[in-house]
Amino acid sequence: RVAALLKRVRQRKPSAFGRADDTESLLRLGVLTEIDDRLGVTLAGLLALGVYPQQFLPQLNVSFVAYSSRSGESVEGRRFEDNVSIDGSIPAMLADAMAALRRNMKSRAVIMGVGREDRWEYPEEVIRELIANALMHRDYHSLAQGMQISLSQYPDRLEISSPGGLFGPVDKEGLLTENVTSSRNGRLAKLLEDVQGE
């Protein structure tokens, strides 16, 4: 993962990374930091490139539940259809969350001319963006590290809950009307631009 990242940034951003060695490049990207004259991995580096960040931060994961009813209550003794805890790096959690949703989403066939096209209940690109935003923009402060991102799929809706809520000048009223962006985790967001998915 680190080698793929370095190769990518050297190709995409040669003026910043073309002549820098690996250590200097990783420092510039925010994967590494200097602590008391020693190199350490940043939280952004661990989450973007780590194999199993939950070894150090167990609750920085995604909880997925597909409920059997619209209220979340049991139906004939069954409360949920699927329930999984999703671990790994951010790219791995995104891929596994999408796989869990695909497993539980309905699809329908739409006739297109002489062929057909299968369409998911929710557009995949929209769901992927929502989950990626929840992972990237959640609150990673130490007081919020005991909280998971929650994906709750009901028969009539999908709910995504991310610790920390809206950030900066963004509010609920202006969410759909104003073109305001704000990033709680700027270093992580910038790093994930160049990290390849799973």
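**Close-up views of a predicted model**

**View 1. Ser152 and its neighbours.** Away from its own stretch of chain, not counting residues up to four places away in sequence, Ser152 touches Val65, Tyr67, Arg157, Leu158 and Glu159. The model is predicted. Ser152 sits in strand S7, which spans residues 149–154. Is Ser152 buried or exposed? Ser152 counts as buried because its relative accessibility is 9%, and the cut-off for burial is under 20%. Its side chain also makes a polar contact of 3.4 Å with the side chain of Ser150.

**View 2. The loop at Val114.** Val114 lies in the loop between strand S5 (107–112) and strand S6 (115–120). Its relative accessibility is 93%, so Val114 counts as exposed. Leu191 is 77 residues from Val114 along the chain. The C-alpha atoms of these two residues are separated by 44 Å. For scale, the C-alpha atoms of the protein fill a box of roughly 60 × 50 × 35 Å along the principal axes.

**View 3. Two sides of helix H1.** Helix H1 covers residues 2–12, and its buried residues are Leu5, Leu6 and Val9. They share one side of H1 because they cover an arc of only 95 degrees around the axis. An α-helix has 3.6 residues a turn, so residues three or four places apart point the same way. The face of H1 turned away from the buried side carries Ala3, Lys7 and Gln11, which are exposed. What do the buried residues of H1 pack against? Their partners are four helices: H2 (14–17), H3 (22–29), H4 (43–49) and H7 (186–192).

**View 4. Helix H3 from start to end.** At the start of H3, a side-chain oxygen of Asp21 comes to within 3.2 Å of the backbone nitrogen of Thr23. Along the helix, Ser25, Leu26 and Leu29 are buried. Seen down the axis, these buried residues fall within an arc of 95 degrees, so they line one face of H3. They pack against H1, H2, H7 and strand S1 (32–35). Just after H3, Gly30 takes a positive phi of about 85 degrees.

**View 5. The largest cavity.** By the rule applied here, the protein has one cavity of 30 Å³ or more. The largest cavity holds about 30 Å³ of space. Which residues line the largest cavity? The lining is made by Leu60, Asn61, Met93, Leu135, Arg138, Tyr140 and Ile149. Five of the lining residues are nonpolar, one is polar and one is charged.

**View 6. The second largest pocket.** This pocket has a volume of about 300 Å³. Its lining counts 14 residues. Nearest the centre are Ile90, Pro91, Leu94, Arg128 and Ala132. Helix H5 (90–104), helix H6 (124–137) and H7 are the elements that give two or more residues to the lining. By type, the lining of the second largest pocket divides into nine nonpolar, four charged and one polar.

**View 7. The whole chain, for context.** The protein has seven helices and eight strands. Of its 198 residues, 38% count as buried. Among contacts with a separation of 6 or more, 54% join residues 24 or more positions apart.

Notes:
Residues are numbered from 1 along each chain as its sequence is written. This is a predicted model: local features need pLDDT of at least 70, side-chain atom pairs count only at pLDDT 80 or more; totals for chains, interfaces and linings use all residues. Side-chain values use heavy atoms; hydrogens and water are left out. Buried means under 20% relative accessible area, exposed over 50%, partly exposed in between (1.4 Å probe, protein chains only). The arc is that of the directions from the helix axis to the C-beta atoms. Contact means heavy atoms within 4.5 Å. On a 1 Å grid over the protein atoms alone, a cavity is a set of points where a 1.4 Å probe fits but cannot get out, and a pocket is an open set with protein on both sides within 12 Å along at least five of seven lines; lining residues have an atom within 4 Å of a point. Grid points are joined across faces, edges and corners, and a volume is the space filled by probe spheres set on the points. Ala, Val, Leu, Ile, Met, Phe, Trp, Tyr, Cys and Pro count as nonpolar, Asp, Glu, Lys and Arg as charged, and the others, Gly among them, as polar. A polar contact is a pair of N or O atoms within 3.5 Å; within protein, one must be able to donate a hydrogen and the other to accept it, and residues adjacent in sequence count only if both atoms are side-chain atoms.
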